[in-house]
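User: I am new to this structure and would like to learn how to read its features one at a time. Could we begin with the overall build and then turn to the details?

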Amino acid sequence: MNFEILMILIITSFSCSLIGVFISLRKMAMLMDAISHTALIGVVLAYLIIRDINSPFLIIGASAVCVLTVYLIEVLSDKKIEKGAATGLIFPLLFSLGVLIIDRKLKNSQISINSALFGKLEFIIFKRLTINNIDLGPLALYIMLVIAVVIAVFIIIFYKELKVISFDIIFAKTSGVSVLLVHYLFISLISLTAVSAFNIVGVILVISLIIGPSVTSLLFTKNLKKTIIFSIFIGLINSLVGYGIAFKYDIIISGAVASVNMVVFLLALLFIGGINEYNRRKLS
Amino acid sequence: MGKLILNNYILIVIMVGTTLIGIVSGILGSIITLRKEALIGNALAHASFPGVMLSFMIIKTKNIELLLIGAGCFSIISLVIIKIIKKYSKIKYDSALALVLSGFFGLGQVLLSIIQNTGNSNQAGLKKFIFGEVATILSSDIQIISIISITIILIVVLFRKEIKLFIFDKEFYKSLGFSCEFLDNLIILLTVIVIMMGIRFVGVILMTSILIAPGIAARQWSNSFYKNLVLSGLFGGLAGFVGTFISFKNSDLSIGPIIVVVVSLIAIISVFLKKVK
């Protein structure tokens, strides 16, 4: 068992399941899917300029590309293309361009399609943060800690605004909340999360960590605060279980956690269905 | 270009394959895009990945037909799960799609890593299902693809009126006594078959693009349903043809992403040249 990998996974899971609640509520799940895929071209383009995969500027540059993607999808939606179709048009294009650039220019570099898709949790701890030759632990741990703090602070500051635009966007517009500003701040934040998590856990696990715990907790409660707490808790448990399974059977961590996220949701659905059925029978 | 194509048997074989797949995925994609279910193809294609891995684990050789049947089965399982989630919970539809596609793809990763641990030497090339590869395509494969593609086109032609009514005026369609469930299942089944054929060429991740993009492009040029289907098929076929040619000229570039770039550019150009209101 490697404690450092587990810590990185748990902190990533914390950030993802926290913003995941708002993404699920705002019907942005597939948009999130698009953002996490375009993180690839963001990272590739930023890497071509900066040439250091761990630079904070790379994360910021790549996030900017993701925000631009969302803007592109919204431009297409304005041209009377259904949102789902617009999403499905833009992100495979950008993802393909990312793959082609790697094929052509970045073979044998620090970026590989493999780690983009599957993550590299197993190897991430070899990159250490050292100050004056003192080993302070894996660099990824610190990056994800910073992101987690940024997300938590953002959500605490903008909690009211986020709540209003999640549940009643028309009311939000009439009551003077700057919907567009909060919307784009939120998009920037999820782009930042997607890009930083993308480098570590890979495209697929990012989506899974964001959607899985939050929809599972939405099955149990309608109260927003409770949903957030449940979501973080479920994300924690899923990561622990997923990592445990991956470690025991020597399989890939990101795939194991993503599978656990789906299975736990389905079990919860079955459980809730069973309870409802029981109550119905008792009444009749 | 003409000379290069004529002198190259392999290129012709592959081009016929990609063009046909472009055509049928364009036609089917146009239907699902008009039904506003564009992203279902994304979930179904991702979900086919563990199917390929599981059938490889069972049969232990790379018998392509059996691998693809496994892929199709998993697409259908994922569809059933999406429908169950839709029916029994208030979870938003796109959350259900995202959950299922990431969960199934994760499962595929797990199975792949188990296969890699066993060290079976046949496993090399299984990863090619992620972005597609055409080096292993044989002319016998193309015969099968041709037969299936023509069958799919014939089925769509046969049911064109029903599909049109089903998409645009469901109530009227029901009142005529037709079954919605039948057409719904037929369209999904055909989509799954197209995905099964397509993932070898463009891969599970990018399959969604060649389903959606031709439909979007066609929609910009015509309001007529039948013209949409024809145009969408043409755009898809064109993208398959051109994409294959470009990838053949630049052997360092994977074929799947190239076809996707071509088809997306056709769609984006169409959006900006938009003819219909």
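Analyst: Helices here are DSSP runs of at least four residues, and strands are runs of at least two, numbered from the N terminus. Please keep in mind that this is a predicted model. Read in sequence order, chain B follows the pattern α-α-α-α-α-α-α-α-α-α-α-α-α, which amounts to 13 helices and zero strands.

User: How do helix 2 and helix 11 of chain B lie relative to each other?

Analyst: Angles of 65 to 115 degrees count as roughly perpendicular. The axes of helix 2 (residues 9-34) and helix 11 of chain B come within 7 Å and cross at roughly 70°, and the two helices are therefore roughly perpendicular to each other. Among the residues that make this contact are B:G22, B:S25 and B:G26 of helix 2 and B:P214, B:G215 and B:I216 of helix 11. By class, the contact of these two helices has nine nonpolar, seven polar and no charged residues.

User: How many residues does each chain give to the contact between chain A and chain B?

Analyst: The contact takes 44 residues from chain B and 47 residues from chain A. On the side of chain B that touches chain A, helix 5 of chain B gives the most, with 16 residues. That side of chain B has 26 nonpolar, 14 polar and four charged residues.

User: Which phi value does A:K27 have, and is the residue buried or partly exposed?

Analyst: A:K27 has a positive phi of about 55° although it is not a glycine, and it lies in the loop between helix 1 (3-25) and helix 2 (29-50) of chain A. With 14 other C-beta atoms within 10 Å, A:K27 is partly exposed. A:K80, also a residue other than glycine, has a positive phi near 65° and is found in the loop between helix 3 (56-78) and helix 4 (83-105) of chain A. A:K80 counts as partly exposed, with 13 C-beta neighbours inside 10 Å.

Note on methods. Residues numbered from 1 in each chain as written. Chains lettered and ligands numbered in written order. Predicted model: local features only at pLDDT ≥ 70, side-chain atom pairs only at ≥ 80, totals over all residues. Contact = placed C-beta atoms within 7 Å. Nonpolar A, V, L, I, M, F, W, Y, C, P; charged D, E, K, R; others polar. Axes fitted to C-alpha atoms, helices over the stretch in contact; angles between N-to-C directions. Parallel < 35°, antiparallel > 145°, perpendicular 65-115°, else oblique. Buried ≥ 20, exposed ≤ 12 C-beta atoms within 10 Å, placed from the backbone.
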